Amino acid sequence: MSAKVPDGLKYSKEHEWVKTDGNVATIGITDHAQHALGDIVFVELPKLGTEAKFMKPVGVVESVKAASDIFSPVSGKVVAINTDLAKTPEAINTDCYGAGWMVKIELSAPDELNKLLDAKSYTEFLGTL
Amino acid sequence: MALGAKVIDFGGWDMPVDYPTHILQEHFATRQNAGLFDTGHMGEVLIEGAGALESLQGAVSRDLAGMENGQGRYTLLCNESGGVFDDLIVFKQNDTQYYIVTNAGTRLRDIEVIQSRLTNATLRDLTPETHKLDLQGPKTFEILAKLCDAPLSKLKRFRMTRAKVAGVESIVSRSGYTGESNGVELFFAKSEACKVWSALMDAGKPAGMLPCGLGARDTLRLECCLPLYGHELTETITPLEAGVKWAVSLEKNFVGADALRAQEKNGVPRTLIALKFAGRQPARAGHPVFAGHTQVGEVTSGTFGPSVNSAIALALVKTGSAPVGASVQAEVRGTRIDAAVVEKPFYKAAK
C-alpha cells in the first residue's frame, strides 16, 4: 500500500503537510504518518495566538499505542484550530488532508516554505525510509 | 511501546514494508468474532522427574497440588524479597511432567531460576522447537472445528489436551491473554508454523477473524486488568501489591514466601488500582498519579480501551490513598487529567 501524497501541498520530513492560501497556512499530518500511527484517539492542539516556530512542536497527536509530537512546518501565529478533532480525532485517519486539518497559521516567514518538499520530493523521501 | 511521558518523533520511526493493520479493528474483531495472535516468542519449558512437583512447589507461589492431568494454574515466580521474576502458567501433564509457559523476554532468566530450584527433576527448554498461536474470541471453537475433529469446545478453562489441528499434532490449552472465555493457545512444532497459521487464516477469515498484533493484545488485556510483566509485575512489585494474591499460597513454603507473609502481616504498602478517564486521552506508564495535591503513585499501564470507549489505566499507588469511587488525576505532559478509581475489570467478556 502506498501513501497518498497530493500535489499542490508542501511537506516536511516529519510528515506534516502545508496548504497555503495567501498568507495563511493550513497544516496537518500526512497519510503516511496517520497510517503509521494507527487509530488516533486524542489530539492536543495549540491555543489561538500561539507563536509556532519552524519545525518545533506545536501539538501532540496520540494513537492507541503512543503519543507523537506535531512539528510545525511553518513559523507564525496560530489563527485557527480544528475543534472538531476533539470529538472525532479519527478524522485524521480517514481524511488527513481534508477534515483532518489541524491548525491554521498566519505566516511570519513565508520564505521557509522553500525549505519544505514538494509532492514528488516527499514521495521520493518516503521511498528511502 | 507506550513509555509514559516520552513523545516519539515521527521521523525517527522504522517503517515496515507492510503497513500495520489498525488496533481498533483487531480489538473489536477479537471481541466480536475472533483474533489470531502470533505468540511464538513466548517460552515453553518442561520439568520432568520424580521431584518435579515438590521442586515446583518450592519454586513458585501457587499451590500446585491436586491438579488433574491437563490442568494448569497461573502462578508467580518470585525472588527472595517477594518481588516477581515472571508470571507463568504451570500445566500438569502427568505426575512427573509439568509444562510451563513463560513470557518471551524473561524466559532465559526464568530457566536459570527454576533450574536452581530443582531437585530430582530436570528442565528442558522446548521453546526452540515449539511455536505458539493464540486464537481468541467468541468464534474460536467454531473456527477450530473446521480444522480439528476433537471436541475442543468441551475443554474447560485452564485445561490442555492433545489434538491434531490442521493435521499437525498440537497441544491445545483453553487459556489466553484477552479476557475472552472462548480462546485457546495452540502449541506445536515450529516447523509447522506457516502451515497452521495459513490454515487458521483460511478457516477464520469467513468468520470475521483478523490476525492481531501486540497493540490489540495490550488493549484487550488491559481492559480486563490482566497484569503485564515489566509493568504491573516486576522484581520490585509483589503479587500482593499487584492484586494477584489469589495466585499466592501463603501457607506454602516457596522462595519469597517469608517476605510476602511479612508484607501481608505488616500491611501491603502499595495497591494496583484501575483508573477510568472521562475522555479519550490516555495516560501512560510512568505518569504520576495525584489524589488532590499529593502524588500517590504512578501509572503502570495505560491506553485507550476500545470496548469501554475511554482511556483506561492501571496505577500503583500508596495503599488507601485512592479507594474505589475516589477521583484522582494523572499528569500527562504537564497537564493533569481527571480519572475515577473503578472496580476491576473495566470490561467483562460474555461467557
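Two residues are in contact if their C-beta atoms, placed from the backbone, lie within 7 Å. A residue is buried if 20 or more other C-beta atoms lie within 10 Å of its own, exposed if 12 or fewer, and partly exposed in between. Helices (H or I, at least four residues) and strands (E, at least two) are DSSP runs, numbered from the N terminus.

This is a predicted model, in which local features need pLDDT of at least 70, side-chain atom pairs count only at pLDDT 80 or more, and totals for chains, interfaces and linings use all residues. Residues are numbered from 1 along each chain as its sequence is written, while chains are lettered from A and ligands numbered from 1 in the order in which they are written.

**Stop 1: chain A as a whole**

Select chain A. It has three helices and nine strands, and from the N terminus on the elements run β-β-β-α-β-β-β-β-β-α-β-α. The radius of gyration of chain A, taken over C-alpha atoms, is 13 Å, close to the 14 Å that the globule rule gives for 129 residues, so chain A is as compact as a globular protein of that length. The globule rule is 2.2 Å times the number of residues to the power 0.38. Along its principal axes, the C-alpha trace of chain A spans about 35 × 35 × 20 Å. Of the 129 residues of chain A, 47% count as buried. Among contacts in chain A between residues at least 6 apart in sequence, 64% join residues at least 24 apart.

**Stop 2: the sheet of chain A**

Colour the strands of chain A. Six of them form an open sheet in the order β1-β2-β3-β9-β8-β5, with antiparallel pairing; two strands pair if DSSP finds at least two bridges between them. The edge strands are β1 and β5 (51–52) of chain A, each of which pairs on one side only.

Strand β1 (residues 10–11) of chain A runs antiparallel to strand β2 (residues 16–21) of chain A, and two bridges join them. Select K10(A) to find V18(A) of β2(A) opposite. Four residues lie between the strands in the hairpin of β1(A) and β2(A), where H15(A) takes a positive phi near 70°.

Move on to strand β3 (residues 24–29) of chain A, which is antiparallel to β2(A) and joined to it by six bridges. Here E16(A) stands opposite I29(A) in β3(A). The hairpin of β2(A) and β3(A) has two residues between the strands, and G22(A) takes a positive phi near 70° there.

The next strand is β9 (residues 103–107) of chain A, joined to β3(A) by four bridges in an antiparallel arrangement. Select A25(A): its bridge partner in β9(A) is I105(A).

**Stop 3: I81(A)**

Select I81(A), in strand β8 (residues 76–81) of chain A. I81(A) counts as partly exposed because it has 19 C-beta neighbours inside 10 Å. Not counting residues up to four places away in sequence, I81(A) touches L45(A), P46(A), L48(A) and V103(A).

**Stop 4**

Switch to chain B. Six strands form an open sheet in the order β8-β9-β10-β7-β1-β11, and the pairing is mixed. The edge strands are β8 (160–165) and β11 of chain B, each pairing on one side only. From one strand to the next, the twist averages 25°. Select R162(B) and look opposite for I171(B) in β9(B).

**Stop 5: helix α1 of chain B**

Select residues 23–32 of chain B, which make up helix α1; seven of its 10 residues are buried, so the helix is mostly covered. The buried residues are I23(B), L24(B), E26(B), H27(B), A29(B), T30(B) and R31(B).

What do the buried residues of α1(B) pack against? Their partners in chain B are β1 (34–38), β7 (130–136), β11 (209–212) and α6 (214–223). Helix α1(B) lies across β1, β7 and β11 of chain B, running at about 130° to β11(B). Axes are lines fitted to C-alpha atoms, for helices over the stretch in contact, and angles run from 0 to 180 degrees between N-to-C directions.

To see the contact, show I23(B), E26(B), H27(B) and T30(B) of α1(B) with G215(B), A216(B), T219(B) and L220(B) of α6(B).
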